[in-house]
Every structure is written in structure tokens, then in C-alpha cells.
Amino acid sequence: MPHNLPLSRAAALLALSLGLAGASPATDLYDSATQALETRYFGWATADRSELARRYADVLAERCAPQGDACDYATARTVLGELLTELGDPHTNVRDPEGAERLREVSENLAVPRTGVRTARVVGGLLVVSVTPGSPADLAGVRKFDLLTRVNGEVPGKDAAGKNLPLGPNEFVTLERRAAPLSVTVRRAGVPDRDLTLTTAPLQARDEPTLGWVESEGSGRVAVIDFPSFLPQDSSELFLKRLTEAQAGGASALVVDLRYNGGGSLGECVAAASVFAPVVYQSRWQGGTSSYGGVRGEEVRAAVARTAAPTLNVWRGPAAVLVGPGTASCAEVFSHFARGAGAVVVGEATRGVGNSGVQFLPLPGGNLLSLTVLRAFDAAGEPLPAALTPDVAAPTDLTALTTRGEDTTLAAALRRLAAVDGGP
């Protein structure tokens with residue numbers, strides 16, 4: 001009890017804190033999340049987690065005071081968000097019930113109502129970063145890197161100052177799940193804006209790797225594999241299939257686009273990265289260690305990967321990996337090991353959570369805690385980098401993309417590959 005508070009005031013604050021404990025949805029959620037944070041966290045953040053939990057419990061108590069026992073989960077999520085921001089580990093966060101459901105849909109690859117587009121929030125709208133072949137959006141003529149400037153009459157994305165507007169990628173998914181038509185305005189370089197009505201259809205919740213082609217002076221026929229996620233458990237198999245198709249199609253060079261890949265399963269990204277060379281990934285967690293291995297695009301025991309010849313691979317030609325702020329977690333792990341095998345990394349600095357791994361823990365009210373529980377190391381026991389700085393700095397210029405149809409990051413990768421000798 002602080003000595004500079006009058007006894008009556010201190011007693012009142014103490015009574016408020018104790019009275020809220022376990023007495024409202026907010027405190028149930030807060031207590032469950034902070035208990036897991038204090039006892040199970042094993043990341044790189046050095047903040048005193050117990051002290052944070054105590055301090056923000058007081059913040060929660062003050063904000064819940066007007067609601068009393070009815071203090072809601074949303075209030076706790078807000079306070080927990082502030083606590084975890086101060087913790088400084090972006091891998092550790094709380095998801096609301098809808099976010100938890102989206103994760104389940106993708107992890108289990110459920111069939112859900114979708115238009116077939118995946119978007120990223122940018123200034124001026126939602127950037128289409130992938131389109132599922134054969135989906136309603138594909139059949140309506142929507143293409144990768146179109147810009148959705150309006151959705152159901154509302155301006156989405158970010159405003160001119162870079163502030164998030166209410167309608168972003170998550171809200172777009174919410175609209176899709178209602179299975180009602182969406183009215184959108186589509187902007188594409190070289191053509192007038194057009195209004196479309198996008199219907200939905202039952203589609204897989206996850207986005208699969210897709211193969212495209214570009215002709216490059218100096219590099220010849222270049223395969224571009226858009227790799228959107230390392231979820232669910234067959235993503236490395238699908239990537240290997242696309243790579244095999246690229247080889248059969250005569251690819252002279254390879255580009256793997258991870259700019260909008262937020263991660264997924266460690267086993268999957270390790271296996272996928274091993275198309276370039278054998279991979280051993282070590283993790284340390286409370287009370288133990290574990291390892292993952294990959295050889296020729298498949299997950300194997302770490303001991304097998306350790307003894308595999310460095311030349312045992314699937315792809316031997318020039319390769320580039322495109323990265324950016326949307327490249328996170330497992331996608332950063334893939335990029336790190338691909339670079340170690342000779343691939344050039346092109347784009348912008350990644351998000352910065354590639355040196356750790358998480359576990360998803362259920363919380364009261366259908367909420368979910370993404371909790372960092374392991375630290376990542378390479379085969380030699382050296383910590384993996386948190387973030388990757390590209391070998392070739394080439395930010396994706398949104399203006400060039402939407403007004404001239406020029407993908408500046410891909411163009412930089414093609415120029416770099418043109419300077420590399422070798423074949424597939």
C-alpha cells in the first residue's frame with residue numbers, strides 16, 4: 001500500500017481491485033491471459049512480466065469501475081493489448097473470438113463463404129494480394145494487385161495519413177462470411193475504375209501456392225510462386241508441387257513471393273525451405289529442446305537432415321525471395337534458410353518475429369492467446385535473426401503498382417537474377 005495515499009483511498013482502490021477479481025468477464029479474461037504469460041512465456045522479451053501484470057491490473061480495475069461485474073471482454077482485450085505492446089514481443093497477442101475462428105478455419109482448411117480474394121491494408125484501399133483460381137472473384141475478372149477503393153460503399157484500408165480506416169482485411173472476411181454479395185470498386189493500372197458485385201462460394205479457407213510466369217531479359221522464363229501461408233499441414237507439399245511444375249515448364253530462374261505470408265507451421269516452412277538445401281531448425285522451450293529437419297522439400301528427422309549432403313536439393317538455379325513488412329514468423333524462417341542456400345532476398349525488412357515460435361491457448365469467451373513459447377536456433381546453435389534485411393532493397397511502390405502496373409520489388413528481383421549465372 002503506497003504510503004502517500006490516504007488510508008481510506010488506498011483501501012477503496014484495494015477493494016476495487018479485489019472486488020473485480022474473477023467477478024467480471026474482463027477480469028476472467030485478463031487473469032487467464034496474464035497467468036499464462038507469467039508462467040509459460042519463453043520468448044526474447046526481457047520485461048518483468050509479473051510487474052506488467054500487476055500494473056495493468058490496476059488499469060483494468062479503473063476502466064472496469066463504471067461497469068462493475070458487467071465489465072466486458074473487449075475492455076480486457078484493450079488493456080491486454082497495451083500490456084503486450086509494452087512487453088515488446090509482437091508474436092504474443094490476444095485474438096478476439098472472430099480472429100480465433102478465422103485461425104481455426106485456415107488451420108483445419110474448412111470450406112467457408114469466400115469471394116476468393118485475399119487483401120492487404122494500404123493507403124487508398126485494400127490491395128488484392130492473391131486470387132483463388134476459379135473463384136467468384138477470378139471469374140469476375142479481379143486480378144492480383146488490383147486495388148479495392150470501395151467496399152459496400154465504404155472507403156477501406158488506410159487514409160492519406162496512413163491511419164487505419166474501419167474496414168480492413170479482417171472486416172472484409174467478416175463480410176464474406178455473411179455469404180451476401182459485396183459491391184466493390186476496382187482500380188487497375190491503365191483502365192478506368194469499375195464497379196463489380198462479388199458473390200461468394202464455399203471455398204477453402206486457406207490460400208494455396210500458385211505458379212505464374214514472367215519473361216525476363218537476361219533470365220529467360222522465370223517461375224513466380226506466390227506462397228501465401230504455411231498453414232495448414234500440406235503447404236510444403238503444395239509448394240513442392242508448384243516447384244515441380246515450374247521445372248517441367250522450363251523455368252530458368254525462380255522467384256518465391258512471401259511479401260504477404262504471415263507464417264504457419266514450423267515443420268512446413270522448414271520442409272519447404274529444404275528445396276534449396278537440407279535444413280535443421282532447433283528450438284528451445286521451458287524445460288527442453290526440439291528440432292525440425294527438412295530435405296528436398298519434405299519434413300524429416302533432424303538427424304537425417306544433419307547428415308544430408310549440402311547439394312541434396314530440388315532447385316539448383318538462381319532464386320529470389322520477395323519479402324516485406326507482411327513477411328512474418330515462419331515466412332522469415334523460410335527466407336533465412338533460403339538465403340543461406342544462395343537465394344537472394346529482395347524487398348523490405350520483415351516484421352521481426354522469425355526468432356521465436358508460438359502456441360495458441362484458448363481463453364474465456366472464445367478469445368485466444370498467441371503466446372511465444374520457444375526460441376529459434378540454426379543447426380550450429382546460433383539464434384535465428386528476428387528480422388531479415390533484404391540483400392536488395394526494393395520497396396513495393398504502391399503508386400507504380402496501381403497507376404503503371406509495375407511491381408517494383410519483382411522487377412528488382414528479376415534484374416538481380418539476370419546477373420546470376422546458372423541453370424535449373
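Guide: Let's start with Glu154, which sits in the loop between strand S5 (147-151) and helix H7 (169-177); helices (H or I, at least four residues) and strands (E, at least two) are DSSP runs numbered from the N terminus. The model is predicted, so to speak of local features we need pLDDT of at least 70, and side-chain atom pairs count only at pLDDT 80 or more, while totals for chains, interfaces and linings use all residues. Residues are numbered from 1 along each chain as its sequence is written, and side-chain values use heavy atoms, with hydrogens and water left out.

Glu154 counts as partly exposed because its relative accessibility is 33% (buried is under 20% relative accessible area, exposed over 50%, partly exposed in between, with a 1.4 Å probe and protein chains only). Leaving aside residues up to four places away in sequence, Glu154 touches Thr149, Pro166 and Leu167, where a contact means heavy atoms within 4.5 Å. Ser183 lies 29 residues from Glu154 along the chain, and their C-alpha atoms are separated by 9.7 Å.

Asp207 lies in the loop between strand S8 (201-204) and S9. Asp207 counts as buried because its relative accessibility is 10%. The side chain of Asp207 makes a polar contact of 3.0 Å with that of Arg114 and one of 3.3 Å with that of Arg118. Such a contact is a pair of N or O atoms within 3.5 Å; within protein, one must be able to donate a hydrogen and the other to accept it, and residues adjacent in sequence count only if both atoms are side-chain atoms. Beyond four places in sequence, Asp207 touches both arginines as well as Ser130, Thr132 and Pro228.

H8 has 14 residues and reaches 20 Å from its first C-alpha to its last, close to the 20 Å expected (1.5 Å times one less than the number of residues). Its buried residues include Leu238, Phe239, Arg242 and Leu243. The partners of that buried set are strands S9 (210-216), S10 (220-226) and S11 (253-257), together with helices H9 (266-273) and H11 (330-340). After H8 comes Gly250, with a positive phi near 85°.

Tyr281 stands opposite Tyr292 in S13. The hairpin of S12 and S13 has 2 residues between the strands, and Gly287 in the turn has a positive phi of about 90°. S13 also pairs with strand S14 (residues 298-300), in the antiparallel sense over 3 bridges. Here Gly294 faces Glu299 in S14, and the hairpin, again with 2 residues between the strands, has Arg296 at a positive phi near 50°.

Stepping back, the protein chain comes to 13 helices and 19 strands, and 47% of its 424 residues count as buried. Along its principal axes, the C-alpha trace spans about 80 × 55 × 35 Å. Among contacts between residues at least 6 apart in sequence, 68% join residues at least 24 apart.

Key:
Pairing = 2+ DSSP bridges.
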